[in-house]
Amino acid sequence: MTVGAWLAASVLEARPAAVGARTLVLDVPDWPGNLPGQHLDLRLTAEDGYQAVRSYSIASFGSGTAVELGVDEVEDGEVSPYLVEDVRAGDQMEVKGPLGQYFVWDATDPSPVQLIAGGSGIVPLIAMVRAHVAADASASMRLVYSVKDADRAMYRDELLALDAPRISATWAYTRAAPDDWSGTVGRLSASALADALHPASVDPVSFVCGPTRFVEFVAGALVSLGYRAERIRTERFGGGS
């Protein structure tokens, strides 16, 4: 897949994804398709000609012209508040992509795989979950999703309804948990990761996505638990707008 010029995109659907977050489905007639885990650049142009460009992970995968994004609103941001609060079906924008070849998962790879997400870092990882389900992949996949509370969990309903015997999901709530929650509440710990993930002895490939501090903690914890650093792939964001 190659990256060309800016491509015209129109909003097909804009719906709430969680508190402070939105799912956008774009129609991109010239989209070449993308691999699970890739991202794109999105460009908005104001009436006075001012342009703003931001990168967003892609929740969809494969061929087709419908491209799904998950956008989390950043406080004092320039672009994300517009995308979360104001954009409507029919609005026009431009995208460039797909981008990134490192943070992608191959459904034909039989290696055990583990996905660790913090907040909106779930977006590229949900594409991997969806790709696994679509391919009925043989790899054992374990997901750990750390969020402040259930209301801020993007794709929560989809993950709770997941019926795939080779995929498991573990939740980590850092501020507040649902009433029926029997686990602890607080920051994700190395011991919690060890309990939820594949043992290091099976040499899984790990994908970690989220805020920079979260990703740095998780990557360090994985290495301390015996996972090989060269099998840990990270994608981080520091609070882009």
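Asp76 is found in the loop between β5 (66-72) and α1 (80-86); helices (H or I, at least four residues) and strands (E, at least two) are DSSP runs, numbered from the N terminus. Phi of Asp76 is near 65°, a positive value in a residue other than glycine. Asp76 is also exposed, with a relative accessible area of 77%, where exposed stands for over 50%, buried for under 20% and partly exposed for anything in between (1.4 Å probe, protein chains only).

A word on what you are looking at: this is a predicted model, in which local features need pLDDT of at least 70 and side-chain atom pairs count only at pLDDT 80 or more, while totals for chains, interfaces and linings use all residues. Residues are numbered from 1 along each chain as its sequence is written, and side-chain values use heavy atoms, leaving out hydrogens and water.

The bond from Gly97 to Pro98 is cis, with omega near 5°.

Now let us move to the sheet. Five strands form an open sheet with parallel pairing, in the order β9-β8-β7-β10-β11. Its edge strands, β9 (167-173) and β11 (232-237), each pair on one side only; two strands count as paired if DSSP finds at least two bridges between them. Neighbouring strands of this sheet are turned by 10° against each other on average, direction ignored. Strand β8 (residues 141-147) runs parallel to β9 and is joined to it by seven bridges. Helix α2 packs on the sheet and touches β7 (113-118), β8, β9 and β10 (205-211), its direction making about 150° with that of β7. Here contact means heavy atoms within 4.5 Å, and axes are lines fitted to C-alpha atoms, for helices over the stretch in contact, with angles from 0 to 180 degrees between N-to-C directions. Helix α5 (residues 212-224) packs on the sheet too, touching β7, β8, β10 and β11, and its direction makes about 155° with that of β10.

Let us stay with α2 for a moment. Eleven of its 14 residues are buried, among them Ile122, Met128 and His132. At 1.5 Å a residue, the 14 residues of α2 (residues 122-135) should span 20 Å, and the end C-alpha atoms are 20 Å apart, which agrees; the expected span is 1.5 Å times one less than the number of residues. After α2 comes Asp136, whose phi is positive, near 50°.
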